[in-house]
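Dear colleague,

I am passing on the structure that you asked to look at, and my notes follow it. Please read them with the model open beside you.

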There are 2 protein chains.
Amino acid sequence: MTTSNIGLIGLGTVGSGVAEMLISNPPIFAHKLDKSINLVGVADRSIDKKRTIQFPNSVITTQNYDEIIDNPEVDVIVELIGGIHPAKEIVIKGLENGKDIVTANKALLALHGPELFDIAQKSGKSISFEASVGSCIPVVASLRDSFIANKIEGIYGIVNGTTNYVLTKMNQEQVQYDEALKDAQIKGYAEKEPSTDVDGIDSAHKLTILARMGFNCDFNYSDVYVEGISNVELKDIYYAHELGYTLKLLAISKQRKNGLEIRVNPTLLPHDHPLSSVNGVFNAICIRGDAIGESMLYGQGAGKMPTASAVVADIVDVSLGRAKITFESIKPFSGNCKKINVLDISMIKTRYYLRFSVIDKPGVLASITGILGNHNISISSVIQQDSKENELVPLVMMTHLAEEGNLQKAIIEIDDLDVVKGKTAFLRVEEASS
Amino acid sequence: MTTSNIGLIGLGTVGSGVAEMLISNPPIFAHKLDKSINLVGVADRSIDKKRTIQFPNSVITTQNYDEIIDNPEVDVIVELIGGIHPAKEIVIKGLENGKDIVTANKALLALHGPELFDIAQKSGKSISFEASVGSCIPVVASLRDSFIANKIEGIYGIVNGTTNYVLTKMNQEQVQYDEALKDAQIKGYAEKEPSTDVDGIDSAHKLTILARMGFNCDFNYSDVYVEGISNVELKDIYYAHELGYTLKLLAISKQRKNGLEIRVNPTLLPHDHPLSSVNGVFNAICIRGDAIGESMLYGQGAGKMPTASAVVADIVDVSLGRAKITFESIKPFSGNCKKINVLDISMIKTRYYLRFSVIDKPGVLASITGILGNHNISISSVIQQDSKENELVPLVMMTHLAEEGNLQKAIIEIDDLDVVKGKTAFLRVEEASS
């Protein structure tokens with residue numbers, strides 16, 4: 001039985017889970033794998049912190065990650081410190097030193113993935129990153145291997161547990177955003193400084209990784225349209241629910257004739273869409289391909305042991321030599337993917353939910369639908385509640401398919417009407433086959 | 001760029017899809033894979049049948065599958081004829097001739113998997129079978145690779161599209177079983193002779209394959225408890241719905257302290273369970289592991305191109321040399337898995353739905369709950385509809401966790417009461433963490 005030697009850098013939540021798995025006794029693979037996987041060293045800047053985990057004497061523990069990267073015994077570097085620096089330098093030096101890389105670092109791959117893949121190709125080494133998207137949900141392996149016989153048409157899903165927890169709570173308990181976020185922070189599902197999650201940045205990082213793989217292309221991360229959940233109003237969740245829709249923060253990318261549609265935004269899903277019942281901190285990703293049609297992968301999208309499970313699966317894949325073959329043979333990793341045009345948000349076509357605050361006067365509905373009609377937007381349903389004349393009331397509409405540029409122009413004109421007060425709210429809609 | 005030569009045996013629905021993919025122009029992998037995959041021969045007993053597919057002259061077409069198996073140019077045999085004979089002989093001869101095998105044959109693997117894996121090991125060759133369970137749903141790869149760092153605790157799901165279509169139709173349109181089945185037959189979702197599907201046999205084959213892999217064990221297929229949907233009554237779907245449950249045909253296996261629970265039966269799921277909204281011909285499989293918690297894989301579980309997608313992904317995996325590594329290194333395929341004790345159905349513990357047909361007399365409820373209590377079964381909810389005294393009425397109950405052996409004894413006693421008429425209906429319940 002051969003052995004693979006692992007060096008682990010970063011002993012935070014996920015790193016501790018990985019370490020626990022690798023030093024478990026009996027070894028977790030004892031009954032499964034004809035290969036010995038051996039943790040030889042661990043680096044963390046707070047290595048001296050008191051921990052529940054007890055490393056055997058054979059494991060080097062150090063504050064200095066170079067001790068791991070420069071150790072000739074180490075075959076695989078597992079980078080779990082997150083962020084761009086020094087993670088990027090660790091990955092590059094590891095590759096240059098002839099080590100394979102396993103990482104869960106979505107920001108690093110979104111911003112510098114193609115550059116790092118290039119370096120890996122030139123070094124004859126591999127980078128594995130299943131844990132960077134959806135934690136233990138096997139979406140990277142599925143897109144890369146299981147669905148390889150497909151032209152991928154769309155990838156969309158819920159890839160951030162924090163925002164899904166907040167929206168689920170708002171939806172199920174009718175609480176406002178601030179209260180739901182506070183609860184998520186108390187329960188440890190949201191950071192004190194939550195903007196990476198609630199502003200959609202984390203989702204955009206993950207979507208970038210998936211879209212590059214699925215569409216076998218490259219584009220700039222900064223071209224992804226990103227809109228978070230901090231402006232979501234409870235009343236829009238309520239009205240949309242009445243109309244048969246559930247609000248989720250979706251990461252969406254689709255191959256269009258004229259380029260790539262790629263965006264993160266609060267999105268309405270019909271109640272019977274499989275993503276609409278993905279609640280709490282769970283994640284799920286739908287993949288649409290020309291052969292498979294619609295598929296979905298669902299599971300815990302974060303957390304110590306689920307993420308460690310994905311990291312360790314990658315470690316096994318590398319240790320068996322499969323990752324090397326994959327990296328050499330499958331083109332999204334060959335470092336010469338074609339650059340693809342990212343569509344401006346004004347060019348997307350979808351259905352919309354609209355909420356106007358109007359003064360209830362004769363002719364209001366006619367004025368609004370008239371402007372929408374002038375911009376080629378037709379209405380599929382309307383909710384207008386009973387009210388006294390001249391009172392401010394919400395007027396809610398669902399549109400048929402419309403182009404966002406037209407919608408934006410129409411809203412500017414409508415918001416200019418005397419009978420319309422405040423800013424019009426709008427939400428994009430996603431259906432099972434759009 | 002190296003080449004892998006494929007011989008395809010069986011040109012039915014799935015086989016035609018695979019052939020179309022392999023001879024597509026431009027090749028489906030042109031932008032994805034640094035490997036050429038070449039269809040060199042096709043055998044089918046009705047090879048002369050008129051087909052829409054046009055093979056290039058370079059492809060051998062024959063009625064005689066030995067021409068493919070004995071062809072020294074062929075590297076990989078793709079067996080898509082189904083059934084036990086001559087599929088088994090084809091696989092064995094292929095392995096002995098030094099070919100790797102790709103198959104979608106669930107019956108063959110359920111009945112003879114370990115024996116064939118043994119032969120493959122001894123020949124230094126591999127058998128790949130992603131398409132045998134859930135078509136394009138990547139459940140084999142996930143259980144084998146992505147979730148390898150887990151102790152698998154449970155595998156359960158909807159693995160037969162025909163029965164799911166029938167139950168969905170009964171549920172959504174309130175039609176009886178016979179009518180729903182007839183509709184499925186007209187639409188091509190059910191065979192004229194539908195017993196393999198409706199009696200749960202197809203589900204049991206697939207479950208056997210997954211359970212052997214997930215629990216890294218062996219057992220006899222004939223020990224799987226199998227109950228189909230042909231006795232499901234519409235009224236039970238209705239009452240269960242009122243109580244908050246949806247009826248599905250589930251394939252369920254769980255690692256228990258004293259052995260393996262493995263069974264196929266109509267099962268009630270709480271409405272908010274992710275499997276309860278899997279409708280029509282879609283399939284979905286939940287996998288529970290100690291690290292990942294609960295995960296679910298969802299997609300089309302049958303059909304020409306979805307299944308061809310899985311077969312071709314396996315062909316790629318074999319052609320790249322990854323399947324060989326997997327087969328050599330991962331123990332469920334090493335041919336010496338330990339035999340595991342399958343629990344008798346009387347030993348399982350779950351919650352139950354019960355429907356008694358009773359004459360509405362004072363004391364009936366007390367007699368029935370008394371007998372249940374004597375057998376250690378307690379009730380969580382009851383529906384009894386208004387009726388005239390002395391009329392026959394349904395009495396519906398949900399129990400707390402109970403042992404099936406106790407339930408069976410209680411039902412025999414209850415069915416013996418003068419006030420109980422006809423046979424008591426009962427259904428097992430599955431919850432997210434049982």
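In which loop of chain A does Asn216(A) lie? Asn216(A) is placed in the loop between helix 9 (201-214) and strand 8 (217-218) of chain A, where helices (H or I, at least four residues) and strands (E, at least two) are DSSP runs, numbered from the N terminus.

Before going further, please note that this is a predicted model, in which local features need pLDDT of at least 70 and side-chain atom pairs count only at pLDDT 80 or more, while totals for chains, interfaces and linings use all residues. Residues are numbered from 1 along each chain as its sequence is written, and chains are lettered from A and ligands numbered from 1 in the order in which they are written.

Backbone details

Asn216(A) is not a glycine, yet its phi is positive, about 50 degrees. With 19 C-beta neighbours inside 10 Å, Asn216(A) counts as partly exposed; a residue is called buried if 20 or more other C-beta atoms lie within 10 Å of its own, exposed if 12 or fewer, and partly exposed in between, with C-beta atoms placed from the backbone. Asn376(A), also a residue other than glycine, has a positive phi near 70 degrees, and its place is in the loop between helix 13 (364-374) and strand 16 (379-384) of chain A. Asn376(A) has 13 C-beta neighbours inside 10 Å and therefore counts as partly exposed.

The peptide bond from Asn25(A) to Pro26(A) is cis, with omega near 5 degrees, and Pro26(A) is found in the loop between helix 1 (13-22) and strand 2 (36-43) of chain A. In chain B, a cis peptide bond joins Asn25(B) and Pro26(B), with omega about 5 degrees, and Pro26(B) is found in the loop between helix 1 and strand 2 of chain B.

The parallel sheet of chain B

Six strands of chain B form an open sheet in the order 3-2-1-4-5-6, and the pairing is parallel; two strands are said to pair if DSSP finds at least two bridges between them. Strand 3 and strand 6 (127-128) of chain B stand at the edges with a single partner strand each, so one side of each is left without a neighbour in the sheet.

Strand 1 (residues 3-9) and strand 2 of chain B pair in the parallel sense over seven bridges, and Asn5(B) has Asn38(B) in strand 2 of chain B as its bridge partner. From strand 1 of chain B the chain crosses through helix 1 (residues 13-22) of chain B to strand 2 of chain B, in a right-handed β-α-β crossover, meaning that, with the strands pointing away from the viewer, the path from the first strand over the helix to the second runs clockwise. Strand 2 of chain B also pairs with strand 3 (residues 60-62) of chain B in the parallel sense, over three bridges, and there Val42(B) has Thr61(B) as its bridge partner. Six of the eight residues of strand 2 (residues 36-43) of chain B are buried, so this strand is largely enclosed by the rest of the structure.

Where the chains meet

The contact takes 49 residues from chain B and 48 residues from chain A, two residues being in contact if their C-beta atoms, placed from the backbone, lie within 7 Å. Helix 11 (304-320) of chain B is among the elements that give two or more residues to the side of chain B that touches chain A, and helix 11 of chain B gives the most, with nine residues. Strand 13 (residues 293-300) of chain A and strand 13 of chain B pair in the antiparallel sense over three bridges, and Tyr298(A) stands opposite Met296(B) in strand 13 of chain B.

A buried tyrosine

Tyr245(B) lies in strand 10 (residues 245-256) of chain B and counts as buried because 25 C-beta neighbours lie inside 10 Å. The C-alpha atoms of Tyr245(B) and Val429(B) are separated by 8.6 Å, although the two are 184 residues apart along the chain. Leaving aside neighbours within four places in sequence, the residues in contact with Tyr245(B) include Leu268(B), His271(B) and Val429(B).

With best regards
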